[in-house]
Amino acid sequence: MRVRTLAVVLLAGGLALTACGKEGTPGESASGPTQQVATDVKVDGSKTFENITKRGKVVIGVKEDQPNLGYKDPTSGKYSGFDVEIAKLIAAKLGFGDDKIEYKAIASAGREQAIINGDIDYYVGTYTINDKRKQQISFAGPYFTAGQDLLVKKSDDSITGPESLKGKKVCSVTGSTPIQKVKSDNLTESSNIVELQNYSQCVQQLEQGAIHAVTTDDAILKGYAAQQPDLFKVVGKTFSKEPYGIGLAKDDKALRDKMNDILEEAIQGDGWKKIYDATLGKSGSPAEKPVIERY
Amino acid sequence: MSASVLFDVPGPRARLRYRLYGVVGVVALVALLGFIVYRFAESGQFEAQKWGWIQYEYVQLKLLDALWNTVRAFAVGAVLAMVFGAVFAAGQLSDHRIIRVPSLVVVELFRAVPLVVMIFIFHYGIGLGTPFYSVVLGLTLYNGSVLAEVFRAGVLSLPRGQSEAAYAVGMRKTQVMMFVLLPQAVRAMLPAIISQLVVLLKDSALGFLITYEELLYQARYLGGSFEFGRPLVPITIVVAAIYIAMCLLLTWFAHYLQKRNRRNKKVLPEAEKPAEDAVAASA
Amino acid sequence: MDVLLDNLDLYGPGFRDTIELFLISAIGSLVLGTLLAMLRVAPVPVFRAAGTAYVTLLRNTPLTLVFFFFTFAFPLLKIVDASTFGGSASRYYFTAALIALILYTSAFVCEVVRAGINTVPVGQAEASRALGLTFGQMLGYVVLPQATRAVVPPMVSTMIALLKNTTIASGFSVFQAGAISLNLAERGDSQLIGLLWVALFFVILVIPMSLLQRSLEKRWSIAR
């Protein structure tokens, strides 16, 4: 008897919870430039493109927790950011509008597997091009040249680059490449290194004043700076090179070439700059245009 | 347990003193709680913005999804862990060395390796695909091996007459274990089993480390959202409340079963004591 | 073997810090847990209620959430100033991890101790009071020696659980055995082999504890 009462209460509670929901987002949501959707696109010899056409929509792997880069709005589930806009641009030029895109949030560790399994058609999300990954998948691009940088409070003038980190508390994700670089190059004392689970937590600690700097790729840092340009700034002295590429199936050269063409055109024209200005550019930091590397 | 071993029944003066302690205790507790609430309020943790996420339908649905994922991992993990536990408890009690020794090794092994490491091995080391499998497998092996110990202790706590009688009726070894010993052991050990299941439920939270989208994963994601001022503290409070509620529900269920159990005369009263020790042991 | 030798700079400090974290929090939680058990059997109802509330709260919260609280919410209480804490970030997070582990584990220790005390028949205490023993004598000579038997084996289990729980600190800026594999992944070494070494390390630490537990159980089950 009591069990049944409990079940009813739970059910009623659940219903009440879902029924009183508000929709939409607080404040204005970031939206990038609208892309012209191409028609009658053909990519000969591309298996991936064949699949996309058959399915009638593109499945794109992205990140969901990098603001202004690859970000899922917690209140509406909509994706936005620089990487997402690049993904949209590619989809539009392949003939698929916003309504024919399905996003899949995939964390760093699962990217290669998702592409190999064919769970996604391509991946756009802080994906550094390197030879080790090229053995499993292939890259179009780079569409952005990132580099390790530092995020500090706007009022902080004491940190001007990697050489001025001594005695400062530096935060990044546990075991990540940037924090390992800080350790191996002895940029700061080992007792000043803070390793947390994600960058949001580092930024939260920076805001609270528990640490002095967050380090990782400047693209990611610019995303946070763009959220709160009055509070944070990116130092702007990169000390590594991380070319971001679009990950896709290894043997699909046809689609890769097509994507490179699309990117090339956007970079030469004003498409790329528009996307940058609407997203990462809000941080106030300029960016250099990347140079496509075909192979 | 109001009459404790350690203290005499208080006289009039002691009662007065206790009442004084009581007042001091209450004041201290209220002061502590008040201090925490005050500091949180001061740093803006109770501002509307930090709690705004609660009213969005999408957030609620996502939280329900996450809750369902937690429950799903728990349910599958619990069932499999019970099976694993029963099989390996029987294995440890086997008469054959060839079965007994490997069972012992397996149980000791999985009891020794931290769940985090096990889940990492399954997910990143071997690559089992969807995080769900790694989480469930980790929960099964770890809690299963603890449950095996519990079942074993349960069987050993049964009076020998039970198995002797069963053999006398002409049952074979497997039958004795399956139909006579294990069912009774499970009943005697119910509190310990349930408290291990509470551990299992809580441990399912470790799935967030390998991006299994359970409650804690969702909490971490929401906690980082700038729109609501990175509401880590509010979301931690809410999620903790949900976990505590779920665990209490399970514990309440345990007490309910225990009460029903007591009325059942088939279980001997002696069986209760080791069971209670084991509750604490399975912490 | 190569993975272990090539990354000794990870394994060495990782294992050392795991053991350090374990030893300090073990002592801390044993002390605090015993005090809590005292609260839970105290004659003052408020103390009992407080003890019960504490145990219920901590036992039913995932350890990760306790860590969450002490890493992100505790600084807001401004009991210690996060920016100047010993001038050392690693010490700060290490302390936070210690506090989280101690508070969490002490709830379990408390339950073990309480269950142990409850196994001693009331008559024992009454008899010792009748003989005129003081409270301390009663506790030291009569109740505790008998309770120990029921306490030690499950306490070993609790300590084994604590040892394994230290790995959760890896997400909270404490470098120990649990964080090794995350570093290896970025270095490009085989994660599987790296993780198996970590697992082996824990097996080596836990097996003696587990054997001790079994032998104590056997010895005392005869005495009972």
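Tutor: What follows is a set of questions about a predicted model, each answered by setting a value against its definition.

Student: Let us start with chain C. How do you know what kinds of element chain C is built from?

Tutor: Chain C has nine helices and zero strands. Read from the N terminus on, its elements run α-α-α-α-α-α-α-α-α. Along the principal axes, the C-alpha atoms of chain C fill a box of roughly 70 × 45 × 25 Å.

Student: What makes helix 4 of chain C oblique to helix 5 of chain C?

Tutor: Their axes cross at roughly 140° and come within 9 Å. To count as roughly antiparallel, an angle has to be over 145 degrees. The value is roughly 140°, and that makes helix 4 of chain C oblique to helix 5 of chain C. Helix 4 of chain C passes helix 5 of chain C in a right-handed crossing.

Student: Which residues make the contact between helix 4 and helix 5 of chain C?

Tutor: From helix 4 of chain C come C:Leu63, C:Val66, C:Phe67, C:Phe70 and C:Thr71. Helix 5 of chain C brings C:Tyr93, C:Ala96, C:Ala97, C:Ile99, C:Ala100, C:Leu103 and C:Tyr104. By class, this contact of helix 4 with helix 5 of chain C has 11 nonpolar residues, one polar and no charged.

Student: Now chain B. Why are helix 3 of chain B and helix 9 of chain B called oblique to each other?

Tutor: The axes of helix 3 (residues 57–92) and helix 9 (residues 190–203) of chain B come within 10 Å and cross at roughly 140°. Roughly antiparallel begins over 145 degrees. Helix 3 of chain B and helix 9 of chain B are therefore oblique to each other. Their crossing is right-handed. The contact is made by B:Phe74, B:Gly77, B:Ala78 and B:Ala81 of helix 3 of chain B and by B:Leu197, B:Leu200 and B:Leu201 of helix 9 of chain B.

Student: What makes one residue of that contact polar?

Tutor: The contact of helix 3 with helix 9 of chain B has six nonpolar residues, one polar and no charged. B:Gly77 is in the contact, and Gly counts as polar.

Student: How do you know how chain B is divided into domains?

Tutor: The domain assignment of chain B gives domain 1 (10–43) and domain 2 (48–281). Taken over C-alpha atoms, 37 Å separate the centres of these two domains of chain B.

Student: How many residues take part where chain C touches chain B?

Tutor: The contact takes 56 residues from chain C and 54 residues from chain B. On the side of chain C, helix 9 gives the most, with 10 residues. That side of chain C has 39 nonpolar, 13 polar and four charged residues.

Student: And how many take part where chain A touches chain B?

Tutor: There the contact takes 22 residues from chain A and 21 residues from chain B. Helix 1 (2–19) and helix 7 (199–208) of chain A each supply at least two residues of the chain A side. The residues of that side divide into six nonpolar, 13 polar and three charged.

Student: Which domains does the assignment give for chain A?

Tutor: Domain 1 (47–146 + 243–283) and domain 2 (148–234). Their centres, taken over C-alpha atoms, are separated by 27 Å. The contact takes 14 residues from domain 1 of chain A and 14 residues from domain 2 of chain A.

Key: Residues are numbered from 1 along each chain as its sequence is written. Chains are lettered from A and ligands numbered from 1 in the order in which they are written. This is a predicted model: local features need pLDDT of at least 70, side-chain atom pairs count only at pLDDT 80 or more; totals for chains, interfaces and linings use all residues. Two residues are in contact if their C-beta atoms, placed from the backbone, lie within 7 Å. Helices (H or I, at least four residues) and strands (E, at least two) are DSSP runs, numbered from the N terminus. Domain bounds come from an automatic or database domain assignment. Axes are lines fitted to C-alpha atoms, for helices over the stretch in contact, and angles run from 0 to 180 degrees between N-to-C directions. Angles under 35 degrees count as roughly parallel, over 145 as roughly antiparallel, 65 to 115 as roughly perpendicular and the rest as oblique. A crossing is left-handed if the near helix is turned anticlockwise from the far one by less than a right angle, and right-handed if clockwise.
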